[in-house]
Amino acid sequence: MFSFTYLIIWFVACSLVIYNVMSCPTTWIEYEDECYHFSYDQKSWSDAVEMCLLLGGGLVEIDDEDEQTFLQKKTADIGRMYWIGLNDIDNEGQWTWNYTDSALNETSYTNWRPKNPDNFTSLDDCTLMFPSGQWVDIVCTFVSYYICELDIIEVSVFG
Ligand SMILES: [Ca+2]
Ligand SMILES: [Ca+2]
Ligand SMILES: [Ca+2]
């Protein structure tokens, strides 16, 4: 009897296979091997950076038109403004993506609203994306929704 039970357990154990699949955490949206979280709360820019880090990612970095188009479909649907990771806090006029610390150059993708960035208040050092998808520079203490980004992760699934 013991050996029969043992045999059953052995068969069950052998049929359990571990699959590694690429996936986003629940509530995050997947696009092109990246995961995006559109916040439900509003924070200053630096608090938004902190929150995205806590969630395991960074404030969103928009590298090309594809990514911009994907994101602005969502922002237009939701109808809210969102912080993105671009800032010129350290060096006025040198726009840098916070998460990867990469500075914009002449060939970098941008989607500034006309006449922006204008450093209007002399402290417009953080970037807000309008529901339309256009970017404006604004004071970092402004409180807004924010988008976090995370590389898609490998998770183990039992089947
Ligand atoms: Ca990105
Ligand atoms: Ca500025
Ligand atoms: Ca401005």
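The legends below describe close-up views of a predicted model. Local features need pLDDT of at least 70, side-chain atom pairs count only at pLDDT 80 or more, and totals for chains, interfaces and linings use all residues. Residues are numbered from 1 along each chain as its sequence is written, chains are lettered from A and ligands numbered from 1 in the order in which they are written, and side-chain values use heavy atoms, with hydrogens and water left out.

**View 1. The site of the calcium ion (ligand 1) is formed by E61, E67 and E149.**
Donors are N, O and S atoms within 2.8 Å of the metal (3.2 Å for Na, K and Ca); water is not among the atoms, so sites may look incomplete. Along the sequence, the donor residues are spaced E-x5-E-x81-E. E61 lies in the loop between β4 and α3 (65-78) and E149 in strand β10, 88 residues apart, so this pair links distant parts of the chain. Helices (H or I, at least four residues) and strands (E, at least two) are DSSP runs, numbered from the N terminus. Both E61 and E149 are buried, where buried means under 20% relative accessible area, exposed over 50%, and partly exposed in between (1.4 Å probe, protein chains only).

**View 2. The calcium ion (ligand 3) is coordinated by D118, D124 and D137.**
D118 and D124 each contribute OD, and D137 contributes both O and OD, at 2.2 to 2.5 Å. The spacing of these donors along the chain is D-x5-D-x12-D. D124 sits in the loop between β7 (102-103) and β8 (126-129), and D137 in strand β9 (residues 135-138), 13 residues apart. Both D124 and D137 are buried.

**View 3. K43 and D41 form a salt bridge.**
A salt bridge is a side-chain nitrogen of Lys or Arg within 4 Å of a carboxyl oxygen of Asp or Glu. Side chains of opposite charge can pair when their charged atoms come close. A search of the whole structure finds one salt bridge; in the K43 and D41 pair, the closest N and O atoms are 3.6 Å apart. K43 is partly exposed, at 21% relative accessibility. D41 is also partly exposed, with a relative accessible area of 29%.

**View 4. Aromatic rings pair in this structure, nine pairs in total.**
Rings of Phe, Tyr and Trp (its six-membered ring) pair if their centres lie within 6.5 Å; planes under 30 degrees apart count as stacked, over 60 as edge-to-face and the rest as tilted. F38 and Y82 are edge-to-face, 5.5 Å centre to centre with 90° between the planes. F38 is in strand β3 (residues 34-38) and Y82 in strand β5 (residues 82-87), 44 residues apart. Both F38 and Y82 are buried. Y109 and W135 are also edge-to-face, at 6.1 Å and 80°. Y109 lies in the loop between β7 and β8 and W135 in strand β9, so the pair ties together parts that are 26 residues apart in sequence. W135 is buried, with a relative accessible area of 0%. W95, W97, Y109, W112 and W135 form one aromatic cluster.

**View 5. Helix α2 (residues 45-54) has buried residues W45, A48, V49 and C52.**
Seen down the axis of α2, these residues fall within an arc of 105°, so they line one face of the helix. The arc is that of the directions from the helix axis to the C-beta atoms. What covers them includes β4 (58-59), β5, β8 and β10 (145-151), where contact means heavy atoms within 4.5 Å. G56 follows α2, and its phi is positive, near 95°.
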